[in-house]
Amino acid sequence: SSGINAEWPLRPGYKLYFEFIAMSEVEETLKRIQAHKGVIGTIVVNQEGIPIRTTLDNSTTVQYSGLYHQLTAKARSTVRDIDPQNDLTFLRIRSKKHEIMVAPDKEYLLIVIQNPTES
C-alpha cells in the first residue's frame, strides 16, 4: 500500500473546512481594504449580481451592486470583443465625488468605493 488514502479528500466536512479557511481569509482581506484611508465601503457581489458581503447600507449596496455588475459585464464583453483571448481584470472609475474600483473574478465581484481626495 502506498499509504495514500484515496477517500481522504471526500470525507464530510473536508470541503467545508477549506471553504471556512478561504472565507476567513476573505474577511481579513475585506477588513484590511476597509481600513485604508478614504475607503467608504466594500461590496462583494455574486455571479447573479446579488450582494453577499457589504459595509454599506442596504439601498446603497443594492444600487451599486446592480449597476456595477451590469457595467462590469459590459466592460468584460467589450474587452473580449476586441480580443477573444483577453479578459477584464480590473475596472476603475473616477467621478467628481468617488473612485470606484471593481475587481472581477470567476464567481464574484469586489467593489470598493473610496473618496478620491483622501486616497
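This is a predicted model: local features need pLDDT of at least 70, side-chain atom pairs count only at pLDDT 80 or more; totals for chains, interfaces and linings use all residues.
Q: Which residue stands opposite Val 112 in β5?

A: The general idea comes first: strands of a sheet pair through backbone hydrogen bonds, either parallel or antiparallel. In this structure, Met 101 is the residue opposite Val 112 in β5. Strand β4 (residues 99-104) and β5 are joined in the antiparallel sense over 6 bridges.

Q: How many residues lie between β4 and β5 in their hairpin?

A: The hairpin of β4 and β5 has 3 residues between the two strands.

Q: Which strand is joined to β5 by 7 bridges?

A: That is strand β1 (residues 39-46), which runs antiparallel to β5. Strands β1 and β2 are paired in the antiparallel sense, over 3 bridges.

Q: What is the order of the strands in the sheet?

A: Reading across the open sheet of 5 strands, you meet β2-β1-β5-β4-β3, with antiparallel pairing. At the edges are β2 (51-54) and β3 (91-94); each has a single partner strand, so one side of each has no neighbour in the sheet. From one strand to the next, the twist averages 15°.

Q: Which helix packs on the sheet?

A: Look for helix α2 (residues 58-82), which touches β1, β2, β3, β4 and β5. The direction of α2 makes about 115° with that of β5.

Q: Is strand β5 mostly covered or uncovered?

A: Strand β5 (residues 108-114) is mostly covered, as 5 of its 7 residues are buried.

Q: Now for the aromatic rings. How many aromatic pairs are there?

A: The general idea is that a pair of aromatic rings is described by the distance of the centres and the angle of the planes. Here the count comes to 1 aromatic pair. It is made by Tyr 64 and Tyr 68, whose ring centres are 5.7 Å apart and whose planes are at 25°. Planes under 30 degrees apart count as stacked, so this pair of Tyr 64 and Tyr 68 is stacked.

Q: Where are Tyr 64 and Tyr 68 along helix α2, and how far apart?

A: Tyr 64 and Tyr 68 are 4 residues apart in helix α2, so about one helical turn separates them.

Q: Are these two tyrosines, Tyr 64 and Tyr 68, buried or exposed?

A: The cut-off for buried is under 20% relative accessible area. Tyr 64 has 16%, so Tyr 64 is buried. Tyr 68 has 14% relative accessibility, so Tyr 68 counts as buried too.

Definitions and conventions:
Residues are numbered from 1 along each chain as its sequence is written. Side-chain values use heavy atoms; hydrogens and water are left out. Buried means under 20% relative accessible area, exposed over 50%, partly exposed in between (1.4 Å probe, protein chains only). Two strands pair if DSSP finds at least two bridges between them. Axes are lines fitted to C-alpha atoms, for helices over the stretch in contact, and angles run from 0 to 180 degrees between N-to-C directions. Contact means heavy atoms within 4.5 Å. Rings of Phe, Tyr and Trp (its six-membered ring) pair if their centres lie within 6.5 Å; planes under 30 degrees apart count as stacked, over 60 as edge-to-face and the rest as tilted.
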